Amino acid sequence: TTIPVILDFIAPRLLEAMYESQGTLLHESRQLLALLPRADHFLAGNQRQADLLLTLLLLSGMDCRDCIPVSLLPIAVSGEPAAFSPPVHELRLVSAGVDWPWRQSADYFAVIEQWCTQHSDFNFCNIAGAYPGRADTDAEVKDISALLTHADMQRLFNSSHIGLELGKRNTEREFSHSFRMIEYLQCGLPVIVNAWLPAAALIRDHDAGWLVDSPEQLLQVLQELQQDPASVLKKAAGARRLATGQLNYRQACQSLLDYLQAPWQPR
């Protein structure tokens, strides 16, 4: 066919497969290498993902001498983000999403929960649950996230003040670009994220939140917020700049639009 086929390679699936049952990585890598040559152009969420994808394309036998057939198209905010509602009586922190085997946030959440028990002007809401297919016999594990519609989740975010994207450092996380962080920005929230995430540079450059490397650094951020509650307004302004600029779909889709102006197919 002369019509280029574009594949949205939305996440490096093989990095997730490493954490699943024995044999999953080998099976899925063989499938992937066989399927990649059926597409002509690819979309990746960030530069790290694009670099990893190039290696897979070469291993699949694709000729990339003329050009790398990958456009960066990050998960982005849709349209105008919600207005930020400043805290009145308490500062509300929120996290959403299940803890996949490759996303473990318990150590960070323990710091926040302990802090909130000692400081009544802080509140933490964790919308969590068991991931699909999880074999867990703990009767206390409840999939709370399954009980919330997307609209309900957004309403909860709109009544919060800071979104959290935190977890233990591992290879998969170092390549990730999370939906939940974009949902926070969509609802006008600044964020606290790990400093080694690919999106951390955007957060820093736009002053859209706080970067931490460890639970101990998270505690320092909480202490700073208590000493200077108004700092959240400054970070919220930075989050809005990011949500209306580089991580807004109008700007984020430009690389794909450029490709569509003159689509080409690898040899």
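Predicted model: local features only at pLDDT ≥ 70, side-chain atom pairs only at ≥ 80, totals over all residues.

Student: In what kind of link do the side chains of R103 and E165 meet?

Tutor: Residues are numbered from 1 along each chain as its sequence is written, and side-chain values use heavy atoms, with hydrogens and water left out. A salt bridge is a side-chain nitrogen of Lys or Arg within 4 Å of a carboxyl oxygen of Asp or Glu. The side chains of R103 and E165 meet in such a salt bridge, at 3.1 Å from N to O.

Student: Where in the chain do R103 and E165 lie?

Tutor: Helices (H or I, at least four residues) and strands (E, at least two) are DSSP runs, numbered from the N terminus. R103 is in the loop between strand 4 (91–96) and helix 4 (106–118), and E165 is in strand 6; the pair links distant parts of the chain, 62 residues apart.

Student: Are R103 and E165 buried or exposed?

Tutor: Buried means under 20% relative accessible area, exposed over 50%, and partly exposed in between (1.4 Å probe, protein chains only). R103 and E165 are both buried.

Student: Which residues are linked with R103 and E165 in a network of salt bridges?

Tutor: The network links R103, E165, E172, R173 and R180. Within it, the side chains of E165 and R180 meet in a salt bridge of 2.9 Å, N to O. E165 belongs to strand 6 and R180 to helix 6, so this pair ties together parts that are 15 residues apart in sequence. A search of the whole structure finds 15 salt bridges.

Student: Which residues does N194 touch?

Tutor: Contact means heavy atoms within 4.5 Å. Not counting residues up to four places away in sequence, N194 touches Y108, E165, L166, G167, A200 and V212. N194 is in strand 7 (residues 191–194), and it counts as buried because its relative accessibility is 2%.

Student: How is E174 placed by comparison?

Tutor: E174 lies in the loop between strand 6 (162–165) and helix 6. With a relative accessible area of 24%, E174 is partly exposed. Leaving aside neighbours within four places in sequence, E174 is in contact with R48, R169, W196 and P198.
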